[in-house]
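Look it over, then read on.

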Amino acid sequence: MHNRFPKSSRLRNTEQFQRVFATRCSVADGALILFATANELPYCRLGIAVSKKVGNAVVRNRWKRLIREAFRTSQSVLPRGLDLVVLPQRDVDVRTVKHLDKSLQNLAAKIDKRVKKPTVLLTRAEHQAEPVKSKLEALGFRVLLQPTIDILPPGSWTETDEAIQNLREGKFDWIIFSSSNGVHTFFDRVRDNHGGHRGFTEDTEIQHTSPCILRALRGKNTRIAVVGTSTNETLYQRSGCRADIVPKTFTAEGVAEALSSEAEQGKHFLHLRANRGRDVIKRLLTKAGGSVTEIAVYRSVDRTQFDPMIAELMQQGKIDYVTVTSSAIAVSLVAMFGGLLRQTALISISPITSQTLSDLGFPPSREAAEASLGGIVEVLTNQSRNL
């Protein structure tokens, strides 16, 4: 415990005081009024404002001494990272004041959650996290990144190249994308090794710089299905096409159900997916009478290293939420952090992911109503309003 009140712990100029008052965030009890704002430091700083309306110079000086002493004796238990401005209540006789340290501690703990931005840990790959990160930061969250899986090319491109040739020849009735990663890796391969959109179309009106293989194949009655709206948006960005089918439920089961009538007609499906995951789409569509070719256009590989700072913050209970957007991420996340995950709230994207977390012994605190990144953002927004 500190035995003095060093300059580093003081608010020392008008600008610093005004910054605290500008937040208009305050709490009070019978003795004190406390204003606060975050200071991004590993300790608290104190400012004291005693109006002449409180009393004469002797009374004001006594208030200042008492408040400084309360701060000095409370520093070890006060929330970190706050600038505090303390005012005495006007109608309180300073001679009767007791236990200001407890008053200050209680008020600081109360205002801490209101002042500090809730912290969210995103666990997707870096290139996927950026749009959500920007949106959450605009909503007032502090956002940290800790990818739990890496997205890598497949061990061999042979099957993918054969599928591209078969698409040229119109051998598939449907293309199914299970994720945005599948969209990106597939079109990267087309761009880098199959001449972009050349050979697929002579449509001179297409202005997209990304290849437009799927739009070209629409003339051969090849149609597109995706698991959810995020994948559909990625599809449009990369190809200029939007999916013919986006299921009401953004899951593999939802896609299979939406395509069941097509499968009953014996249609041919190309399913582009990761190297691991459930076989629901192939199993259900095959059972319904369809012919399904599944190709792993990318590998999802668990990360084994994590940022020590993230682990420390989680241990200290300073990460409010962790997003979990797939079963693969759930498995890798638990392997990374284990019991530390009990210090935070897990936000699941879907019932399937929630079940995986529960099976691993870490049931989520909340689940998105819509299995999409937008659904995750909505959950976090609603949660922050209740802090």
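**A loop serine, a helix pair and the cysteines**

Ser372 sits in the loop that links strand E14 (366–367) and helix H15 (373–385). The model is a predicted one.

Q: Is Ser372 buried or exposed?
A: Buried means under 20% relative accessible area. Ser372 has a relative accessibility of 4%. Ser372 therefore counts as buried.

Q: Which residues does Ser372 touch, leaving out those up to four places away in sequence?
A: Contact means heavy atoms within 4.5 Å. With those sequence neighbours left out, Ser372 touches Thr229, Phe250 and Ile349.

Q: Is H6 roughly parallel or roughly antiparallel to H8?
A: Helix H6 (residues 180–193) packs against helix H8 (residues 229–239) at an angle of about 15°. Their axes are 8 Å apart. Angles under 35 degrees count as roughly parallel. So H6 is, to H8, roughly parallel.

Q: How many nonpolar, polar and charged residues does the contact of H6 with H8 have?
A: H6 contributes residues including Val183, Phe187 and Asp188. H8 contributes residues including Thr234, Leu235 and Arg238. By class, the contact of H6 with H8 has 3 nonpolar, 6 polar and 3 charged residues.

Q: How many disulfides does a search of the whole structure find?
A: A disulfide needs two cysteine sulfur atoms within 2.5 Å. For Cys44, the closest cysteine sulfur is in Cys25, 13 Å away, so that is too far for a bond. Across the whole structure, the number of disulfides found is 0.

Q: What is the relative accessible area of Cys241?
A: Cys44 is buried, at 7%. Cys241 is buried too, with a relative accessible area of 2%.

How values were computed
Residues are numbered from 1 along each chain as its sequence is written. This is a predicted model: local features need pLDDT of at least 70, side-chain atom pairs count only at pLDDT 80 or more; totals for chains, interfaces and linings use all residues. Side-chain values use heavy atoms; hydrogens and water are left out. Buried means under 20% relative accessible area, exposed over 50%, partly exposed in between (1.4 Å probe, protein chains only). Axes are lines fitted to C-alpha atoms, for helices over the stretch in contact, and angles run from 0 to 180 degrees between N-to-C directions. Helices (H or I, at least four residues) and strands (E, at least two) are DSSP runs, numbered from the N terminus. Angles under 35 degrees count as roughly parallel, over 145 as roughly antiparallel, 65 to 115 as roughly perpendicular and the rest as oblique. Ala, Val, Leu, Ile, Met, Phe, Trp, Tyr, Cys and Pro count as nonpolar, Asp, Glu, Lys and Arg as charged, and the others, Gly among them, as polar.
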